Amino acid sequence: MDTQDPSEELQLWELVPLDDYALPQTPAARAAKARWVSLRRLFGGRREDVDAPAKEETDLHGLWAEQRDGLVMPIDWTDGAEALERRLTKADAGQSVCCVVGPPRSGHTDLLECWAERWVVRCIEPPAHEDILSGGRDWLDAWPVDAHRWVLPRLEHCWLRHPAGLALVRELLERASSGRLGRGVIGCDSWAWAYLRQVAALPSRAPLTLQAFDGLRLATLFRALVGPSSTRPVCFRNAVTGKAVLSIDGEQDGNGGSDLQYLAARTRGSVGLARELWRGRLRAEPHTDSDSGDAEAAKEEGPDAEGTTIWLAAPPEDPVLTSGRDDELALVLHALLLHNGLPDQVLAELLPLPRFRVQGVVERLTAAGALAEMPDGRRRVSAAGYAAARELLRAQGFLVDDF
Amino acid sequence: MQETLTNSFRSLGLGTLLELGLILAAAVVLVLVVQKTLPWLANRVRGRRRYVLLAMVPLLRLVIIIGAFLLMVPRVIDPSVQNMVAVFGSLGLALGFALKDYASSLVAGIVAVGEAPYRNGDWVEIDGVYGEVTHVGVRALQLVTADDNLVTIPHQKLWTDPVSNANNGGPQLQCAVDFHLRPGHDGALVASALYDVALTSPLLAIERAVAVVAEEQPWGTRYRLRAYPIDARQQFRFMTDLTLRGKAELLRLGMEFATTSPAPDPEPPAS
């Protein structure tokens, strides 16, 4: 981050109205291949990679957590928070509340928390599930209306898809829109937003969102995420094709090409999701232990490319989610996406399925890698499973988000 | 007449018989392939594509049968106008007397393909039988009811009975569930609660309209909740979900369900 000029930062973190979100497009060749794989699956075929990889997966090993942290540091949201503040200042006239919407794992919650910390804004935690269903208004009545500004980063955790689970959020939105809660910012997951649009009166002002991270933005970001401990130039290479995906050296050449564009399209522009998938693909050769480069490949690229070579394993295959008549998977996935994760016991209360069936489906999906349990006890759709889950739900006619 | 008919037919040599056999075999194979492949494929996709694929089955079968017929006729008879009138006139007369109902169903089957009052995948009610159309044959259609019974209904019913089609080639159909409450309650609160019951159903097609219709009765108020499930095949599950959660929500709100039969008319005053 430190080496970038302000104009580049401004472009990297851009908050735009929801309608201006520019979904990254899949490179044509990749899109054709994906359609072919999808067609083969429809007819019961299995994926077969005929191309011999430049580096066999077995010749590579995963990196230690510290090594990964050094190569893909947590995102520094400071610049994003400044971009948000600029945007709010510019368009704040007469508006009591502004909404910021983002797809799952996009990082909009982190952005809002960073903004709140930096500008000393009161951050409001969502109510407990019991409070949502009880119909009480204690949580709302305790709102800090005297605060200069407030931020509610997780609107998706303030309601439940239950007959008794909408009253609180409707009241909240009504109070917020009318200005009775003072000035504030509401963050919301895109799936919850799509649902709430159907069942509640949302603030009239168009919500903001982080502009999608395309291949170019991802290249800029991933360069910035390489920690200062990497003193030597780092080259990220695709282990399947052998081609350089990203080079981090003094000149910062290369923009990631179709690999990063594909990653951007697969994650639908979600920066947090892209970072997670990128981080999970990092590999190194055992004998080099990620400290020495691949000599041959480096020679091909020229003398400037010498340094640490990090291999990128093939993108993880989408978990195979049973389609067709197995509606229970879709019901579980949809409930989890709408609420951006739920504890198991709450999930079972929201579905028209026996508890043991819900538990069975959750375990199957977790074993397939489509779900992951979060430290806060919520079960969420995993980064690797998000694309497949979204496609399954879209194909089955469920409500999906706008991203 | 008999002589005209006899003269109309060509002498069938071994080669012609072989050709006829091949055309017939090819038509049968094609029909079987269509009848197996398209439903198999349709069950692997969702939404409108499923219904389009299913609806193509009888249409393609009709095209194959007509094609085979057109290929076979010139090999059997000399295709002059006079000959055709004589042969088909006689055939029609024979069918009209001997196989009247069968022929009627065959013709109705062709009309059914053209007018499409029902297609594979539609939920229809014919003559009091409600179910999903699983096969539209040449003579009859087959329904699978909610009790998993297979019912075969001749197309002939098309001439005399109304056909009620719930989804008409689309993936969605309207479902309605009733709630009967005793009088003396807040109707607006009930309507609002039932509306939310539908909106929070995981099976709801949320972009479609939800409606609550109230009707006052002598014993109380009947509320009818109308909504659309995401997929027509989920209709019974959807209705069960609405019923159970609706009941739970109304009980939570302290509503009382009507449990008695309608009150009898008051006795006329004794004269």
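Me: Helices (H or I, at least four residues) and strands (E, at least two) are DSSP runs, numbered from the N terminus. In which loop of chain A does Arg105(A) lie?
Reply: The model is predicted. Arg105(A) has a positive phi of about 65° and is not a glycine. The loop that holds Arg105(A) runs between β3 (97-102) and α5 (108-118) of chain A.

Me: Does Arg105(A) count as buried or exposed?
Reply: A residue is buried if 20 or more other C-beta atoms lie within 10 Å of its own. Arg105(A) has 23 C-beta neighbours inside 10 Å, so it counts as buried.

Me: Where is Asn168(B) found, and what does it count as, with its C-beta neighbours inside 10 Å?
Reply: Asn168(B), although not a glycine, has a positive phi of about 50°. Its place is the loop between β5 (163-165) and β6 of chain B. Because it has 15 C-beta neighbours inside 10 Å, Asn168(B) counts as partly exposed.

Me: How many Å apart are the end C-alpha atoms of helix α8 of chain B?
Reply: Helix α8 of chain B covers residues 235-252, which is 18 residues. At 1.5 Å a residue they should span 26 Å. The computed distance agrees with this: 25 Å.

Me: What arc around the axis do the buried residues of α8(B) cover?
Reply: The buried residues of α8(B) are Gln235(B), Phe238(B), Asp241(B), Leu242(B), Gly246(B), Glu249(B) and Leu250(B). They lie on the same side of α8(B), because the arc they cover is only 145°.

Me: Which exposed residues does the face of α8(B) turned away from its buried side carry?
Reply: The buried residues of α8(B) are covered by elements including β6 (175-181), α7 (187-199) and β8 (220-227) of chain B. The face turned away from that buried side carries the exposed residues Phe236(B) and Leu251(B).

Me: Which element gives the most to the side of chain B that touches chain A?
Reply: The contact takes 21 residues from chain B and 21 residues from chain A. On the chain B side, the elements giving two or more residues are α7 and α8. With five residues, the one that gives the most is α8(B).

Me: How do the residues of the side of chain B that touches chain A divide?
Reply: Chain B brings 21 residues to the contact. They divide into eight nonpolar, four polar and nine charged.

Me: What radius of gyration does chain B have?
Reply: The C-alpha trace of chain B spans about 85 × 60 × 25 Å along its principal axes. Of its 271 residues, 25% count as buried. A compact globule of 271 residues would have a radius of gyration near 18 Å, but the value for chain B is 27 Å.

Me: How many Å separate the centres of domain 2 and domain 3 of chain B?
Reply: The domain assignment of chain B gives domain 1 (2-107), domain 2 (123-165) and domain 3 (175-252). Taken over C-alpha atoms, the centres of domain 2 and domain 3 of chain B are separated by 29 Å.

Me: How far apart in space are Arg394(A) and Leu263(A), C-alpha to C-alpha?
Reply: Arg394(A) is in helix α17 (residues 386-395) of chain A. It is partly exposed, with 14 other C-beta atoms within 10 Å. Arg394(A) and Leu263(A) are 131 residues apart in sequence, and their C-alpha distance in space is 20 Å.

Notes:
Residues are numbered from 1 along each chain as its sequence is written. Chains are lettered from A and ligands numbered from 1 in the order in which they are written. This is a predicted model: local features need pLDDT of at least 70, side-chain atom pairs count only at pLDDT 80 or more; totals for chains, interfaces and linings use all residues. The expected span of a helix is 1.5 Å times one less than its number of residues. A residue is buried if 20 or more other C-beta atoms lie within 10 Å of its own, exposed if 12 or fewer, and partly exposed in between; C-beta atoms are placed from the backbone. The arc is that of the directions from the helix axis to the C-beta atoms. Two residues are in contact if their C-beta atoms, placed from the backbone, lie within 7 Å. Ala, Val, Leu, Ile, Met, Phe, Trp, Tyr, Cys and Pro count as nonpolar, Asp, Glu, Lys and Arg as charged, and the others, Gly among them, as polar. Domain bounds come from an automatic or database domain assignment. The radius of gyration is taken over C-alpha atoms; the globule rule is 2.2 Å times the number of residues to the power 0.38.
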